[in-house]
Amino acid sequence: MQSRPPIIHPAWMRLTHWLNAIAVLLMLLSGWRIYNAAPLFPFTFPPGVTLGGWLGGGLQWHFAAMWLLVLNGLVYLVLGVATGRLRRRLLPLSPAAVWADTRAALSGTLRHDARGAYNAVQKLCYLAIIADLLVLVVSGLAIWKSVQFPLLRLLMGGYDSARYVHFGAMAFAAAFIVVHVFMVALVPRTLLSMVRGR
C-alpha cells in the first residue's frame with residue numbers, strides 16, 4: 001500500500017491563507033471605491049471593479065474586511081512564529097540566493113521539485129507581502145484614526161502622505177496577487193496543496 005504524501009501546509013495555515021486572500025480582495029475592491037471619491041492621481045477605477053456602490057458602502061466593506069485581515073493576520077503571525085513555520089519556510093535568505101533564483105526563473109530553469117520548499121524569490125516575495133500588509137494596516141490607521149494616532153500620522157509624513165503610502169502598498173499587494181496567481185497557474189499542484197494540505 002502506497003503511503004500518503006506528508007502534509008505540506010497544516011490546516012491552520014491553509015485556513016488563514018484563504019481568509020487573508022478574501023480579506024485582501026475585499027479591501028482592494030472597496031478601497032478602489034473609496035479612492036474614487038477623492039482620487040490621488042488623474043484616474044479612477046471603473047465602478048464595475050469596485051465594491052460598495054458608493055463611498056459609504058465602500059467604507060463599510062473596507063472596515064469589515066479590515067477586521068478580518070487584522071485578526072486573521074495576527075493568528076497567522078502568532079502561529080507561524082510559535083510553530084517555527086515562518087522561520088523554517090522563509091529563512092535563511094540572502095541577496096546572492098535571490099539573484100541566482102531570479103536569473104534561473106528568467107531563463108526558465110528554476111526547478112520546482114521540492115514539495116513545500118520555497119526558492120529564494122518566493123521567500124522574498126512572501127516576506128515582502130507580509131511587510132506590505134503591515135504597512136497597509138499602519139497607513140490605514142493613520143488615515144482612519146488620524147487624530148487618535150498622531151504618532152502613526154507623523155511616521156507616515158502626515159495625513160496626505162499616509163494616503164500615498166496606503167495607495168503604494170495597495171498597488172504592491174495587487175501586483176503580488178497577479179504574479180502569485182500567474183505562478184500558481186504555472187505550477188498548479190501548489191494550489192492543490194493549499195487546498196488539501198498535501
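Buried here means under 20% relative accessible area, with over 50% called exposed and partly exposed in between (1.4 Å probe, protein chains only). You are looking at a predicted model, in which local features need pLDDT of at least 70 and side-chain atom pairs count only at pLDDT 80 or more, while totals for chains, interfaces and linings use all residues. Residues are numbered from 1 along each chain as its sequence is written, and side-chain values use heavy atoms, leaving out hydrogens and water.

Next, go to the N-terminal end of α5. Asn119 caps it, placing a side-chain oxygen 2.9 Å from the backbone nitrogen of Val121. If you run a distance between the end C-alpha atoms of α5, expect 36 Å; this agrees with the 36 Å that its 25 residues should span at 1.5 Å a residue (the expected span is 1.5 Å times one less than the number of residues).

Move on to Thr50, in the loop between α1 and α2. Is Thr50 buried or exposed? Its relative accessibility is 12%, so Thr50 counts as buried. Display its side chain and you will find a polar contact with the side chain of Arg33 at 2.8 Å. A polar atom of the Thr50 side chain also lies 2.8 Å from the backbone oxygen of Pro47. (A polar contact is a pair of N or O atoms within 3.5 Å; within protein, one must be able to donate a hydrogen and the other to accept it, and residues adjacent in sequence count only if both atoms are side-chain atoms.) Leaving aside residues up to four places away in sequence, Thr50 touches Leu29, Trp32, Arg33, Asn36 and Phe45.

Then select Leu91 and Pro92: the peptide bond between them is cis, with omega near -5°. Pro92 sits in the loop between α3 (85-90) and α4 (95-106).

Finish at α1 (11-37), α2 (55-82), α5 and α7 (159-186), each of which supplies at least two residues to the lining of the second largest pocket. Which helix gives the most to that lining? That is α1, with 8 residues.

Note on methods: Helices (H or I, at least four residues) and strands (E, at least two) are DSSP runs, numbered from the N terminus. Contact means heavy atoms within 4.5 Å.
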